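Please open the model in your viewer and keep the sequence panel beside it, as the tour below moves from one selection to the next.

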Amino acid sequence: LMSGGLAWLWWRERRKRLVQLQQHNQVLEQRVLARTTELADTNQRLVAQIARREQTESALAQTEQELVQAAKLATIGSLSASLNHELNQPLTALQSYCQNTSRMLEKNMQPEAQANVAAMLKLIQRLSNIVAQFKDFSRPGGAGKNQPQSLQKIVLDALGIVQHQCQRQGVKTKLKQPEQQMM
């Protein structure tokens, strides 16, 4: 009887523990399910945030490209104004040289006319150089080539351009050049 009573107590405790174990399993399964649902919601929010971030990055990249294009257009506008100025100076000088050379030829002043023709050839070469520099700048990867220039040559070229106007208006120019060439 006692063995039977002990076996019944043991079976009752075992049954109670199995019920408790099943209850704990159900609680754990509910917690796992709740946590899984919470993680799925968090995952969906992260996916949505990633999509918004990708859209923002795409819009930012497009805006950046538009800004680069606007900067290019502004630079081209600035360059065209500068190019216009750079080309007009030698063209105006060429026009004056042509008029003077024509008069000199009418007056049979051959040496002076030949000097004017030589000056005109230099101006034409200068125009050619300006156009070549602009072409170099406008090519892809070409941002212009900065090279040392002779300051004396630049001053002499500038004087050559305005020399005829100075003579016509009675202005005398005096140039004192340094002994060594400046770059």
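**Stops along the model**

Begin by selecting Arg35 and Glu38, which both lie in helix 1, 3 residues apart, or about one turn of the helix; helices here are DSSP runs of H or I with at least four residues, numbered from the N terminus. This is a predicted model, in which local features need pLDDT of at least 70 and side-chain atom pairs count only at pLDDT 80 or more, while totals for chains, interfaces and linings use all residues. Residues are numbered from 1 along each chain as its sequence is written, and side-chain values use heavy atoms, with hydrogens and water left out.

The side chains of Arg35 and Glu38 meet in a salt bridge at 2.6 Å, N to O, the term meaning a side-chain nitrogen of Lys or Arg within 4 Å of a carboxyl oxygen of Asp or Glu. By this rule the count comes to 2 salt bridges.

Select Glu13 and Lys16 next, whose closest N and O atoms are 3.6 Å apart in a salt bridge. Glu13 is partly exposed, with a relative accessible area of 36% (buried means under 20%, exposed over 50%, and partly exposed in between, with a 1.4 Å probe and protein chains only).

Most residues other than glycine have a negative phi. Asn108 is exposed, at 61% relative accessible area.

Finish at Asn116 in helix 2 (residues 110-138), which counts as buried at 9% relative accessibility.

Notes: Helix = DSSP H or I, 4+ residues; strand = E, 2+ residues; numbered from the N terminus.
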